[in-house]
Amino acid sequence: MQLQTFEVVVIRFMQTAGARELLIHELLAVDKTISNEIIYQLMLVIELVNCLQYLRRYVRHDLIYFSEDELIQFGVTSSALRELKTTTAIKKLFAYQAEKVEHAFIKASEKLTVKMRSDLSYLLLRCQIARATLKEIQASDFLVWENLFLLTPLR
């Protein structure tokens, strides 16, 4: 499965993980004034990190959650990803994904009030875990083929 643009990737995430997050938000009966956009931005943080963290598994199942236009931008082909080797171009693609994670988190965080932060603590906690995992991936120089990054229970 290849997705043409990042917008298509985001729509796919909204249809799957986004729907899950909205349902959780509704079931927890937290503040109904929190916009879906904020929830989607926080969900995007988690899902983009998952794409890097579990990339080996996804590629083996022919699921590539990087958009075609981004692959072209960084000179990475689907077949290069299937080789499971970390190249300079692939590292640049991964670094770009990491930037998008931080951008999505900052964009959502700027809109949160203290009350919203309290109501979304479950989702913000998951975002912090995802961001900590991303920091580990970055510290390894994006060696996601060679390593599965899981945080210890103490973290």
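Which backbone nitrogen does the side chain of Ser 140 reach at 3.4 Å? The backbone nitrogen of Phe 142 lies at that distance from the side chain of Ser 140. The model is predicted, so local features need pLDDT of at least 70 and side-chain atom pairs count only at pLDDT 80 or more, while totals for chains, interfaces and linings use all residues. Residues are numbered from 1 along each chain as its sequence is written, and side-chain values use heavy atoms, with hydrogens and water left out.

**The segment after α8**

Ser 140 is found in the segment after α8; helices (H or I, at least four residues) and strands (E, at least two) are DSSP runs, numbered from the N terminus. The side chain of Ser 140 also reaches the backbone nitrogen of Leu 143, at 3.2 Å. Both are polar contacts, that is, pairs of N or O atoms within 3.5 Å; within protein, one atom must be able to donate a hydrogen and the other to accept it, and residues adjacent in sequence count only if both atoms are side-chain atoms. Phe 142 lies in the segment after α8 as well.

**Positive phi**

Most residues other than glycine have a negative phi. Phe 142, although not a glycine, has a positive phi of about 60°. Asp 62 likewise has a positive phi of about 60° without being a glycine, and its place is the loop between α3 and β2.

**Accessibility**

The table gives relative accessible areas, where buried means under 20%, exposed over 50% and partly exposed in between (1.4 Å probe, protein chains only).

| Residue | Relative accessible area | Class |
|---|---|---|
| Phe 142 | 8% | buried |
| Glu 47 | 11% | buried |
| Asp 119 | 12% | buried |
| Ser 140 | 17% | buried |
| Asp 62 | 36% | partly exposed |

Glu 47 lies in helix α2. Leaving aside neighbours within four places in sequence, Glu 47 is in contact (heavy atoms within 4.5 Å) with Phe 13, Ala 17 and Arg 20. Tyr 40 is also in helix α2, and, not counting residues up to four places away in sequence, Tyr 40 touches Met 14, Gly 18 and Leu 22. Asp 119 belongs to helix α7 (residues 114-119), and a polar contact of 2.9 Å joins its side chain to that of Lys 115.

**Nonpolar core**

A nonpolar core is a set of buried Ala, Val, Leu, Ile, Met, Phe, Trp, Tyr and Cys residues joined through side-chain atoms within 4.5 Å. The largest has 51 residues, and those with the most contacts inside it are Phe 13, Leu 42, Phe 66, Leu 81, Phe 94, Leu 120 and Trp 145. Two or more residues of this core come from each of α1, α2, α3 (55-60), β2 (64-67), α6 and α8 (121-139). The largest share, twelve residues, is from α2.

**Largest pocket**

A pocket, on a 1 Å grid over the protein atoms alone, is an open set of points where a 1.4 Å probe fits, with protein on both sides within 12 Å along at least five of seven lines; lining residues have an atom within 4 Å of a point. The largest pocket has a volume of about 170 Å³, a volume being the space filled by probe spheres set on the points, which are joined across faces, edges and corners. Its lining includes Phe 6, Tyr 40 and His 103. α1 (6-27), α2 (36-53) and α6 (88-110) each supply at least two lining residues, and α2 gives the largest share, six residues.
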